[in-house]
Amino acid sequence: MTFISNCAIPYFSIVVNEREMSREVGKVSPKWYPFVGSSAVVQKMTMQYGSQWKAFSVLAKEYSTKALGLKLGSDQIVVVFGEKNIRQVFTEKEFEGRPDSFFIRLRCLGKRLGITFVDGPLWREHRQFTVKHLKNVGFGKTPMEKEIQSELVNILEYIEKNRKTPINPKLILAMSVMNILWKFTAGERIEQERLSYILDLFAKRSKAFSIAGGWLNLWPWIRFVLPDLSGYNLIKNLNLQISDIIKEAIIKHKNGTVQGSDFIYTFLQEMKESNNGFFHEEQLNTICLDILIAGSQTTSNVVEFAILCLIRYKAIQEKVYDEIQRTIGDNEPNWNDSNRLLYTMAFLLEVQRFYTIVPLAGPRRVLKDTTIENYNIPKNTTVLLAVGDVHFDSEIWDKPHKFMPERFLDSNGNLIKNDHFYPFGMGRRRCPGDSLAKSFIFITFVGIVQKYKVESLNGVLPSEEPIIGLISGARPFTAEFIPRS
């Protein structure tokens, strides 16, 4: 969800007990140890290769499998590789569950609520309700595009005000996305200093935790011994800051002091009219939390990577600029322009492939015994999806480690519909905020390129290698924004 952002060994063969399971897997997987499982091996390789996704990918190749099974603490984890397996997990109902772990409950304010990390009837009803009523107040429609265009003005004003010194665009981009989300959720913007502090906590959280939850999820008791080192205090502080914003917004809506219509007003009205026990204030709190967390960095990180690529590939930058000038000139960009700015769209698609924002997707909980790659996967196993590997599969992509926007264009310069590309997932858990993500990325990027030529500082190119935690982000860099004459 962007509001919008996963281990392969023959892991299970229906076994009668853990000792037997360990014996079978031990032939083709890292050795499992009491209490920690294979956590030490995963941690060591994560440090070595820079991310858990890359560590799992190396292990999968080492054991020649596309269904890598590991035991992290007491949790049984399977990481799936290969497009066929990825699509299976994305689309089949037995993989629609979410784990019920300490880390996820901590992320959801202590209870299994919201829409991101729940399943069953609660998830089905509230996902449908949230998507429907966000659309009713303008999300995914013309009002959302107007908000994006308004935020573009703020971004350009920020660049102009600060352009005499090198600029890191990360903060202003992330703030713009969150303000759009909060506008449709709560009818207001978030105060700038407060939002800046929350985004800093988000960044620290992404670096501190793997998608599987890290040591804190393996041994929840560690929070009592190492509250800072385990990341427990970080998450508690983040929850507190966001909860305060949400609670203040709900109080304002109860008092009727927020103008217009928005999601919180709709939910509060449903609470009054519905006899359904699913609609209560704690659930509203957690849905608002889901919206803010899901959209906090994923979308803005794509635009930041796009700016990084402009700097690294100067010829591509000029080609994008020439197309924009030839096609729309200085007119304010809108989403319909994406049907005409075909090379620009190909560039943005290649950015999202080359820098997969969520290379290790999930987690999913298996709802009933099933199979992947002819291996039996028991009910309640956690499954992670190595989407990043699909985006770099040499059997699918020509020269996958080379940045080439042209791969998304045919010989006539028209966009190619690519079915091997999963920036927003697929299936019933597909990111419900993809309309915001696509529109924001396109409109903001085009608006910046219209006005400024982007160059590296003193000719030093920023690193191409991303930082990969819960999501992928660019390594800190600054750029010079030179006005186009």
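**Notes on the core and the aromatic pairs**

1. Let's start with the rings: Phe305, Tyr313, Phe347, Phe354, Tyr355, Phe392, Phe403 and Phe445 are linked by ring pairs into one cluster. Bear in mind that this is a predicted model. Across the structure there are 18 aromatic pairs.

2. Two of those pairs deserve a look. Phe139 and Phe184 have ring centres 6.0 Å apart and planes at 90 degrees, so this one is edge-to-face. Phe139 sits in the loop between helix H6 (120–136) and helix H7 (142–162), while Phe184 belongs to helix H8, so the pair ties together parts 45 residues apart in sequence. Both Phe139 and Phe184 are buried.

3. The other is Tyr452 with Phe481: centres 6.2 Å apart, planes at 85 degrees, so again edge-to-face. Here the partners are on strands, Tyr452 in S7 (residues 452–456) and Phe481 in S10 (residues 479–483), so parts 29 residues apart in sequence are tied together. Tyr452 is buried at a relative accessible area of 5%, and Phe481 is buried too, at 2%.

4. What sits over the ring of Phe392? The charged end of Arg353 does, 5.3 Å from the ring centre. The charged end of Arg353 also sits over the ring of Trp397, 5.5 Å from its centre. Phe392 is itself a member of the ring cluster from point 1.

5. Now the nonpolar core. The largest one has 114 residues, and those with the most contacts inside it are Trp182, Ile242, Ile307, Phe347, Leu436, Phe445 and Phe481. Which helix gives the most to this core? Helix H8 (residues 170–186) does, with 11 residues. The core also draws on both domains, with at least three residues from each of domain 1 (1–93 + 363–400) and domain 2 (96–357 + 423–483). Apart from this core lies another, of 19 residues, including Ala60, Leu68, Trp219 and Ile468. As background, nonpolar side chains in soluble globular proteins tend to be buried together.

6. Setting aside neighbours within four places in sequence, Ile242 is in contact with Ile198, Phe202, Leu289, Leu292 and Ile293.

7. Last, Cys431. The unreviewed UniProt entry annotates this residue as "binding site". Is Cys431 buried or exposed? Cys431 has a relative accessible area of 3%, and since buried means under 20%, Cys431 counts as buried. Cys431 is placed in the loop between helix H18 (387–390) and helix H19 (434–451).

Terms used
Residues numbered from 1 in each chain as written. Predicted model: local features only at pLDDT ≥ 70, side-chain atom pairs only at ≥ 80, totals over all residues. Heavy atoms only, no water. Core = buried A, V, L, I, M, F, W, Y, C linked by side-chain atoms within 4.5 Å. Buried < 20%, exposed > 50% of the residue type's maximum accessible area, 1.4 Å probe, protein only. Helix = DSSP H or I, 4+ residues; strand = E, 2+ residues; numbered from the N terminus. Domains from an automatic or database assignment. Contact = heavy atoms within 4.5 Å. UniProt positions renumbered as here; feature names shortened; annotations may be inferred. Phe/Tyr/Trp six-rings, centres within 6.5 Å; stacked < 30°, edge-to-face > 60°. Lys NZ or Arg CZ within 6 Å of the ring centre and 35° of its normal.
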